[in-house]
Amino acid sequence: MPKSQMDRPMTQNIEQLAQQVEQHPDYRVLRRLVPQHTFTSPLHGQRICKGVVLDTETTGFDAQSDRVIELGMLVFEFDPITGSVFKVLNVFDELEDPGFPIPPETIEVHHITDDMVKGRRIDDESVTRLMQGVDVVIAHNAKFDRPFVEARWPIFEQLNWACSIQDIDWRKEGFGSAKLEYLLSTQGYFYEAHRAETDCWALLFLLNHILPNSQRTALLALLETLNQPHKKVSAVGSPFETKDILKSRNYRWSADLRCWSRSLAGEQAMQDELAWLKRHVYGERSARVEIETLGGKVRYSNRQGHKELITL
């Protein structure tokens, strides 16, 4: 009898035990996430779009001085109306020699060594070909991945990007963290994180998940932000003593502008934010703030959008 057939009864017995354990309120079961190439089939006449889930492993955190050493991508079809994933069309994962030794501290994270990348180069033609007809590129922390891949492959500058950390309100949906491993564990799954392709599979599975509060797929929640005006407001000249309330409202310090900034989606959200700034930061005094419009082809990149000063 083939070994696979011999193992089948044992696997079935373990699954039965797992099902019994998870019925008890004091226990939870985590199952290994298995790559799934087909999720559902489109109905006749249903619109089909193409997306890419992307992840990189790099030599460090600086897109100007560090380099991509692994690029992972899943090209998939989805319904833009319901946010349902149909199937994976292509799986891409390649390593690249950065031309200098990989720092030991980053090897500890992704376990990619100098020997693994020696003499390797990611196929530029394959990357360009896979991006043809893509409607959106999605990364779990696009602000990190996008500058790296744009520096290496300019074609990514021409595409709409979305971020599965920033563009989904995970806390509003009842989750305590936006970390990918944590989010998967809440759904009863685990995986070997910090390698590009496995992170992509984990993210695609998560995007097809129905969010508990809004009852829509995570992918749909993310896609809806592409249709909303996405802007960054910078609290120029805000009093020093307001830094803590700005930080608690998710503002981040901008070293270039030397002020606190945050991004918002939707015109109403921006108007509400401007009213909040005038009252809580500027004390109802007249003030000017900077608004930067960030479309899908600019946001999460190191490139700038259209800027204007608004008087409160």
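Predicted model: local features only at pLDDT ≥ 70, side-chain atom pairs only at ≥ 80, totals over all residues.
## The chain as a whole

Let's start with the big picture. The chain has 312 residues, and 45% of them count as buried. Its secondary structure is made up of 10 helices and 12 strands. If you follow the C-alpha trace along its principal axes, it spans about 80 × 50 × 45 Å.

## The largest pocket

Next, have a look at the largest pocket, which has a volume of about 1,900 Å³. Its lining is formed by 45 residues. To find its centre in the structure, look for Gln166, His230, Arg262, Ser263 and Tyr300, the lining residues that lie nearest to it.

Which elements give two or more residues to this lining? They are helix α8 (218-224) and the strands β8 (230-235), β9 (252-254) and β10 (259-265). The largest share comes from β10, with 5 residues.

## A cavity

The structure also holds 1 cavity of 30 Å³ or more. The volume of the largest cavity is about 40 Å³.

Which residues line the largest cavity? From one part of the sequence come Leu33, Val34, Pro35, Gln36 and Phe39, and they are joined by Trp201 and Phe205.

## A covered helix

Finally, turn to helix α5, which runs through residues 142-152. Is this helix mostly covered or mostly open? It is mostly covered, with 9 of its 11 residues buried. The buried residues include Ala142, Phe144, Pro147, Phe148 and Val149. Asp145, Arg146, Glu150 and Arg152 are buried in α5 as well.

What provides the cover? Several elements take part, including the strands β2 (49-58), β3 (68-78), β5 (136-139) and β6 (161-163). Another helix, α4 (124-130), is also among the elements that cover the buried residues of α5.

Technical notes
Residues numbered from 1 in each chain as written. Heavy atoms only, no water. Helix = DSSP H or I, 4+ residues; strand = E, 2+ residues; numbered from the N terminus. Buried < 20%, exposed > 50% of the residue type's maximum accessible area, 1.4 Å probe, protein only. 1 Å grid on protein atoms, 1.4 Å probe; cavity = no way out; pocket = protein on both sides within 12 Å on 5 of 7 lines; lining within 4 Å. Points joined across faces, edges and corners; volume = space filled by probe spheres on them. Contact = heavy atoms within 4.5 Å.
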